[in-house]
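Open the model in your viewer and keep a selection panel at hand.

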Amino acid sequence: MTRRFAALAALLLATPASAETIAIVDARLMTMTGAGEVERGTIVIRDGRIVALGADVAVPSDARVIDGRGGVVTPGFIQADSTLGAVEVSQVPASADRATHSAAISAGFDISLGLNPDSILLPVSRLAGITHAVTTPLYDDRRGRALQFAGQAAVIDLAQRPQMVTRPRAAMVLEMGEGGAERAGGARSSAIVQLRATLADVRHFAAHRAAYDRGEGRPQPLSRVDLEALVPVAQGRMPLIVRVDRASDIREVIALAREEKLRIILDGAEEGGRVADAISAAKVPVILDPLADLPRSFSELGATMENAARLHAAGVTIVIKTGSGVAHRARELRYGAGNAVAWGLPHDAAVAAITINPARVFGVADRIGTLEAGRAADLVLWNGDPLEPLSQPQALFVEGSEKPLTARPLELRDRYMPPLP
Amino acid sequence: MRHAALVLLAATALAGCAASRPPQPAPAPVADTAPTIDRDPYPSTYHAPAADRVALVGATVLTAAGDEIANGTVLMEGGKIAAVGASLAVPDGYRAVDARGKWVTPGVIDAHSHLGAWAQPESVDAHNDVNEMTDPNTAQVWVEHSVWPQDPGFDAAREAGVTAMMILPGSGNLFGGRSVTLKNVPSVTMQGMKFPGAPYGLKIACGENPKRVYGAKGRSPATRMGNVAGYRKAWIDAQDYARRWDKWETAGRTGEAPKRDLQLETLAGVLKGEILVQNHCYRADEMANMIDISREFGFKIRTFHHANEAYKIAPLLAKEDICVATWASWWGYKMEVYDAIEENAALVHAAGGCAIIHSDDPILIQRLNQEAAAALSAAWRAGIRISKADAIRWFTANPAKALGIADRVGTLEPGKNADVVLWSHDPFSIYARAEKVWIDGGIVLDRTDARYRRHSDFLLGQSGETK
């Protein structure tokens, strides 16, 4: 069939070195910059870099032309709250490096170390237009809820190359609310008290490192690696992802961040729509799952499909994810964004929530998240609305490198699929 | 290896399943009376919602009987579909609903749900009643006795067009227990939701789950071969049990009757073809083993659930007339689902089989249409020609077949129960929302009317907002 031939042709033409000129023509361009959308535009990519884009861009004579008629070009999608690169099979512990239960390594757990660029999950995710992920530590609760912090998240690319870390140590992960309470002894109050005490310890440590290393000064309950990892958090340089859902917990966390001068990112925030104005006033971004509409706990009684739309309407920067620690089901990211649109979020805001917004929130907007001349091409050509399941990517670039639209599941399909009539 | 549970079972005496409901409730002396076995001891008390005569006019209609009808009209009367066609005249006495620009399909049916049995708030242990993991064979449990009709998940599913579903016990055991088929109507009792006349199912689980659960307890099954030995032992016992009861029945019900055994009664019900086998099984090789086991003991497997490797044996499953209830997007969470592909349903369909998109999840049950769209999109990507008129069957007509209720629901054909969804958009679009839903011709959801929202008592008076 033509689609399969097209995919095969794209595979044959894919050039890792990208030393060529490519023009995507006649497509709608969602730039996610001030330039907005270009209804029928052209993007010229030379040696992996966008050199021109817009409605009136000439196609160089030496360019390989990709016909984008009826299609849409978006920046590559960014899967937030993911474990891509850190897991192969969820229930095979030896293939998963998403979490630690070492008492000596909590905040110090740095997920950017030990990632696997050969993971078969990366090309699977690319088939859904995902070029980057925020790989984020999970808590290992198998031995009870023990550790205060899950560790540090990293921004990675899905190009399957050795240097896959776009930004290491992009944020620290802390669960508050019900989970935080359980980790701190069973009550929300103790989690808050513990966090304040931890921050005081970290600041003391930062001011007295030499004494600490001589074994002097006040005793520290945290390990040295944990203390060191928390210094940029306590100083407001590293954002702290706070997992929290209940409206009252969100208010508490915002107040605590203000007092302690922390940069926080709310994660989950299923009742965020109820306190949207407070979140907006504090200029705190929110990572949310638009599909989380059930009262799964007593902290999520106000969960609603309209959460994304309400927070956006209040002026909050939202980042859309689908589930926590998403890896195998990363393909569903664009469907989550589409559902948010079905429940009131403007379409361009939904695309922003999986491109430029996570790029900004995680400090990589200078590299990814937009279509801009001068940047390495990080983009996807779709044959229709990228949020629709019935649309598929036709071409994909990860930071300058065109990637074939193949993956192990497609090879399995082709092995077992009978010849087409 | 010693099979403690089943040794215990065999030692237990036996009983049967022959007679139907006692004709009269008159108490009789306990002794010297032939036992009668009530095969429907928790009968449905479902009453159809009040139905008026409704005409949906001008929609694109996917009948799930093969047609996509532009500018279609669907007439409902007396709780049944009265007529479906293009540009039908609306007879007098029908309330016309302007459905131009919208789509109409049969009610969504989920072949695999745990709603009610693992109810919201699901993080609360007290609400987890889905997996009786105390013995590898718990064929004696009936999941309907775990169903809490106040689960807010029922409301969310109804608002997504789900009109019927099969609730299954979990997959921790070789034999998990009986399933139950429910109509998704607000009700205080499980019996009020029970789909009248729907057959029971028996949940069987292959592979990793039972061997992991019982291997960790240091007992059988700890391996896949242990799983199979466990199934075979149970079916041998069930055959013996059925034989004792048949013997007693054919001997004129005289002499000492066998003692009833709930576990064997359910298994014997499968052997008699009265209870449908609903088999959690991922891998192609294990499905082939299960088919051989069914031949060895003389029963039929109705549906393989999850079945992510069905595409590797699609012609076999089509030939055996076994449905495949699966996902498009789920994979990789354990070894037995490592080879899952998005095209699974499409390849089963293309081989002439019965493909179903199921949920197994209180979130996904709210968007089976979108999961089917992802499966359809994968088919198109592969060059497999499947129309929306065919793919709609994956979450309507085909699950109705798997549940044994296809003579009543699953398609929009005259005489079928009027379980109908009016969608805002093409249901294969991410933007489609169920606007109105009818069950047996009675409206159970109208987006414009808050009375149809959030029936669950649990949500009453909570600080959360309606969505």
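Start with helix 13 of chain A and select E411(A) and R415(A): these exposed residues sit on the face turned away from the buried side of the helix. Bear in mind that the model is predicted.

Next, select P409(A), L410(A), L412(A) and R413(A), the buried residues of helix 13 of chain A. They lie on the same side of this helix because the arc they cover around its axis is only 155°.

The rule finds 4 salt bridges across the interface of chain A and chain B. It also finds 21 residue pairs in polar contact there, both residues at pLDDT 80 or more.

Now colour the helices of chain A that touch chain B. Helix 1 (2-13), helix 2 (121-126), helix 10 (333-342) and helix 13 (408-416) each supply at least two residues to that side of chain A. Helix 13 gives the largest share, 6 residues. By class, the side of chain A that touches chain B holds 28 nonpolar, 11 polar and 16 charged residues.

Zoom out to the whole contact. Chain A contributes 55 residues and chain B 59 residues. Between them the chains bury about 5,100 Å², of which 58% is on carbon and sulfur atoms. Finish by selecting R296(A), R331(A) and L390(A): they supply 14% of the area that chain A buries against chain B, more than any other three residues.

Note on methods. Residues numbered from 1 in each chain as written. Chains lettered and ligands numbered in written order. Predicted model: local features only at pLDDT ≥ 70, side-chain atom pairs only at ≥ 80, totals over all residues. Heavy atoms only, no water. Contact = heavy atoms within 4.5 Å. Buried area = accessible area lost by both parts, 1.4 Å probe. Salt bridge = Lys/Arg side-chain N within 4 Å of Asp/Glu carboxyl O. Polar contact = N/O pair within 3.5 Å; in protein donor to acceptor, adjacent residues only side chain to side chain. Helix = DSSP H or I, 4+ residues; strand = E, 2+ residues; numbered from the N terminus. Nonpolar A, V, L, I, M, F, W, Y, C, P; charged D, E, K, R; others polar. Buried < 20%, exposed > 50% of the residue type's maximum accessible area, 1.4 Å probe, protein only. Arc of directions from axis to C-beta.
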